[in-house]
Amino acid sequence: MNKITARTFLLIFCSLLVASVVAAQRGWAQGKNLPLAHPQEEGDLRKCSECHETESNEFPFKRFEHTPFFGDTHRLTAVGSQRVCQICHRTSFCADCHGTGAGLRPSVKRHGDTRRLMPHRGDYLTRHRIDGRLNPGKCFRCHGRPKAAASCKPCHG
Amino acid sequence: MLLRILVFTLFSTLSSLALISSLPADQDNFRSGEVRTISSANSTAVTIQVSSFKKQDEAEKEIVRLKSHGVDAKTRYESVPGKGMWYRVYVGRFQKKSEARTYAESLKAKGIITWSWIKPNVFPHAVVKTTAQSSSAPKLSSRKAFLPRSAPPAPPALPQKQVHKKVESGEKQPAPLVKQAVPATAPTQQALKQRSTANAASGQNQPAMQAASTKRWTQFALPGTFNFSSQTTLQALQRDTSTGEDSMVLPLYEYIRLDYGNTEEGGLAFHAYGWGRSDLADSAYFEDTSDGELLFGYLEYSKPYSDLHLVLGRQLIFAGVTNDTVDGLRFSAGLGDMLTATLFGGVTYAADDAKADTTYGSRIAFHPRPAYVVAISYQDTAAEGDPDQRAGVDFSFNWSDWITVQGLSSYNLDSGDWREHQYSAALRYKAITLEPAYQFFSYKDYFDVGKEENNLFHFLKDTDEQVAIAGADFHYQWTFPVRLSGRYHQYTYSIRQEKADYYAALIGVDLSKGSQLGGEVGRMDGESDDNIYALYRIYFYWADPLGFGSSAFVSGDAIFQNYDAPVYGKDYASYFSLSGGMRLFDDRLEVKLTGTYSQDPYFDDNMEGLLTFRIDY
């Protein structure tokens with residue numbers, strides 16, 4: 001990247017930082033009007049529309065509903081919505097899969113919860129040879145980080 | 001480098017100023033142990049909201065009615081976002097949620113109430129008498145310091161479905177279905193002021209003053225709660241070790257999570273989560289891997305109904321092109337209703353034998369409405385000799401319930417080309433949802449990040465391969481409780497003369513109390529034999545198998561796989577698991593036991609046992 005582009009980024013970065021701090025202190029930071037935690041701890045939190053009115057465009061509840069493949073597809077939903085995820089999920093829930101060096105793999109740590117479609121279910125040791133050949137980019141998202149790659153090193157060096 | 005240091009210094013200073021100026025004036029009380037004692041004592045105290053009225057006399061009538069049934073009830077004048085002030089009626093105060101649930105169900109069974117919401121106790125002084133009466137309780141003068149320095153504006157409401165509940169008078173009262181997002185235990189100064197004004201207008205100034213005083217006590221008494229979770233898992237398995245012989249491996253994992261703070265009201269909070277491991281069999285199986293990690297540990301400041309968020313410490317950052325664990329500082333704030341900025345800086349959480357890299361980045365989102373978001377993001381990681389600079393665009397557009405379109409594109413600023421694209425849509429019609437999706441990876445741009453010695457995928461950057469994955473997911477709620485889902489993905493490559501298709505079908509049957517039955521069939525169908533496999537799975541999860549309303553469960557899983565090209569002479573794999581567990585002591589202790597048996601190309605007969613104790617406090 002050339003220096004002019006880098007400095008332009010930094011200029012925008014710093015300007016918005018200052019503006020954001022000022023805005024936050026002036027009470028402008030109302031943002032998405034979200035609570036910090038979901039007020040209701042009971043019920044099926046995976047299906048927002050069971051309780052929330054979804055027809056209006058004030059908040060896109062439908063976007064956050066968990067389909068059976070949500071464990072595999074949630075990246076695009078979560079990529080700018082960490083704040084929304086945290087309304088229902090503690091950070092440790094995310095860290096069990098996304099933490100750098102999480103110890104037990106998720107399907108073992110949550111053993112017994114067969115209702116989740118775990119990414120490494122069954123004999124993934126053999127299956128990953130094929131998935132890894134066909135789409136290594138998907139492996140890289142988690143195992144590309146140094147500590148998370150520790151589980152690859154015994155075989156892959 | 002100097003520029004980076006300057007930016008990081010500026011970033012840290014401004015963020016710290018924002019934090020300090022947002023804190024309550026009297027921080028000493030926040031740190032005092034007695035406050036934690038009070039909050040801990042209250043952390044299990046709950047009450048039941050049974051109705052809500054706009055007019056005080058109607059709330060009082062409801063109380064009289066409830067008392068005529070022998071039910072002790074009280075009312076509290078509270079702010080409901082977007083709906084003004086309401087008189088909420090509460091019954092009972094309990095130390096355990098399960099007790100409150102049982103009591104609410106008994107009232108419903110008798111027809112005394114039709115609706116209930118179990119909430120943190122809004123009358124803490126009535127339950128935790130020793131706390132309120134304790135001579136060690138902080139003085140009122142210092143408690144005032146915990147009120148917000150300036151009264152925040154009343155938060156606008158989230159959209160609420162108008163579910164009406166019928167009260168005895170025959171009138172329908174709107175019951176806030178987003179469950180009143182402002183917690184009852186956290187009246188703002190604005191709310192107190194409104195309450196006082198409202199009561200003054202109705203000639204009830206004195207009670208209002210008393211109420212305000214009570215709220216101040218309440219707010220001080222609940223600055224936060226302490227949560228502790230411990231999960232101990234013993235795994236038993238046999239593995240080849242460096243001796244070349246099967247030996248017993250008995251890793252004992254301990255996961256600890258600590259949370260201190262008020263999850264509803266925000267303010268300062270602390271969160272930490274980590275694990276450690278000890279091999280009770282003292283085998284050599286884990287000799288090359290870490291025996292523990294602090295996955296995150298950070299101090300956080302947040303405000304409800306605001307994007308203001310400040311995090312200091314080890315943390316997971318997901319923001320546009322960034323997906324990293326970073327030791328550093330992250331700051332998010334809204335600039336008006338339409339712009340949110342997330343900025344971070346620090347050092348990446350490195351491997352044990354690697355030097356940490358400095359990193360900083362940002363994501364700036366423009367959202368004229370929450371349903372329409374466009375954001376740009378940037379991350380610069382200063383790995384010596386191999387810098388990683390990336391930028392990206394992500395978006396999500398939601399048109400009513402019908403259509404969602406979202407995507408992310410990431411650009412490698414060093415190589416000057418796109419790393420990846422990922423786009424998806426959701427098209428919904430009644431019980432059917434169709435989710436087309438597209439992904440693209442350019443290997444030389446995608447894998448060329450970070451230091452080579454830390455990146456096992458680094459060799460892939462030397463190819464010009466590109467892969468595009470297109471397809472769709474399909475979901476159909478056939479008839480409650482049966483769900484059907486399907487998936488088709490096609491993989492196409494720019495260099496490799498091969499295509500692959502992946503098909504999958506899922507069925508799920510949702511039964512009562514969370515029980516579930518299901519099955520899955522999937523096939524990866526490459527053009528060469530060594531890229532073909534099929535997977536068949538059936539599973540069950542049986543909640544409360546004894547039928548006593550307990551939180552016990554039994555579950556099982558059976559997975560079969562076959563491979564067109566044998567691996568180590570074997571072209572199939574099977575996996576079975578059977579689990580059972582129970583929660584005890586008001587769900588504070590969970591015990592789970594799982595046994596698995598598998599055969600696959602790597603292991604002829606593999607048996608594993610897992611025993612877990614989880615304690616939540």
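What does chain A average in pLDDT, and what percentage of the residues score at least 70? Chain A averages a pLDDT of 78, where pLDDT is the predictor's confidence in each residue, from 0 to 100. In chain A, 71% of the residues score at least 70.

This is a predicted model: local features need pLDDT of at least 70, side-chain atom pairs count only at pLDDT 80 or more, and totals for chains, interfaces and linings use all residues. Residues are numbered from 1 along each chain as its sequence is written, while chains are lettered from A and ligands numbered from 1 in the order in which they are written.

**Exercise 1. Summarise the make-up of chain B.**

Step 1. Count elements. Chain B has eleven helices and 29 strands.

Step 2. Check burial. Of the 617 residues of chain B, 39% count as buried. A residue is buried if 20 or more other C-beta atoms lie within 10 Å of its own, exposed if 12 or fewer, and partly exposed in between; C-beta atoms are placed from the backbone.

Step 3. Check contact range. Among contacts in chain B with a separation of 6 or more, 51% come from residues 24 or more positions apart.

**Exercise 2. Show how helix α8 of chain A is covered.**

Step 1. List buried residues. In α8(A) (residues 136-143), Pro136(A), Gly137(A), Phe140(A) and His143(A) are buried.

Step 2. Look down the axis. The buried residues of α8(A) fall within an arc of 140°, so they line one face of the helix. The arc is that of the directions from the helix axis to the C-beta atoms.

Step 3. Identify the cover. It includes α7 (124-134) of chain A, and β19 (417-429), β20 (432-442) and α11 (443-446) of chain B.

**Exercise 3. Trace the strand pairing in chain B.**

Step 1. Start with β1(B) (residues 46-53). Eight of its eight residues are buried. β1(B) pairs antiparallel with β4(B) (residues 117-120) over four bridges. Two strands pair if DSSP finds at least two bridges between them. Thr47(B) has Lys119(B) in β4(B) as its bridge partner.

Step 2. Move to β18(B) (residues 403-412). Ten bridges join β18(B) to β19(B), and the two run antiparallel. Val405(B) stands opposite Ala425(B) in β19(B). The two strands form a hairpin with four residues between them. In that turn, Gly416(B) has a positive phi of about 75°.

Step 3. Continue to β20(B). β19(B) and β20(B) pair in the antiparallel sense over eight bridges. Tyr429(B) has Ile432(B) as its bridge partner in β20(B). This hairpin has two residues between the strands, and Lys430(B) takes a positive phi near 50°.

**Exercise 4. Locate the nonpolar cores.**

Step 1. Define the term. A nonpolar core is a set of buried Ala, Val, Leu, Ile, Met, Phe, Trp, Tyr and Cys residues joined through C-beta atoms within 7 Å.

Step 2. In the largest core, of 32 residues, Ala95(A), Phe296(B), Ala341(B) and Phe344(B) touch the most other members. Strands that each supply at least two residues include β10, β11 and β14 (339-348) of chain B.

Step 3. Leaving aside neighbours within four places in sequence, Ala95(A) is in contact with Ala102(A), Tyr273(B), Leu295(B), Phe296(B) and Leu316(B).

How values were computed:
Contact = placed C-beta atoms within 7 Å.
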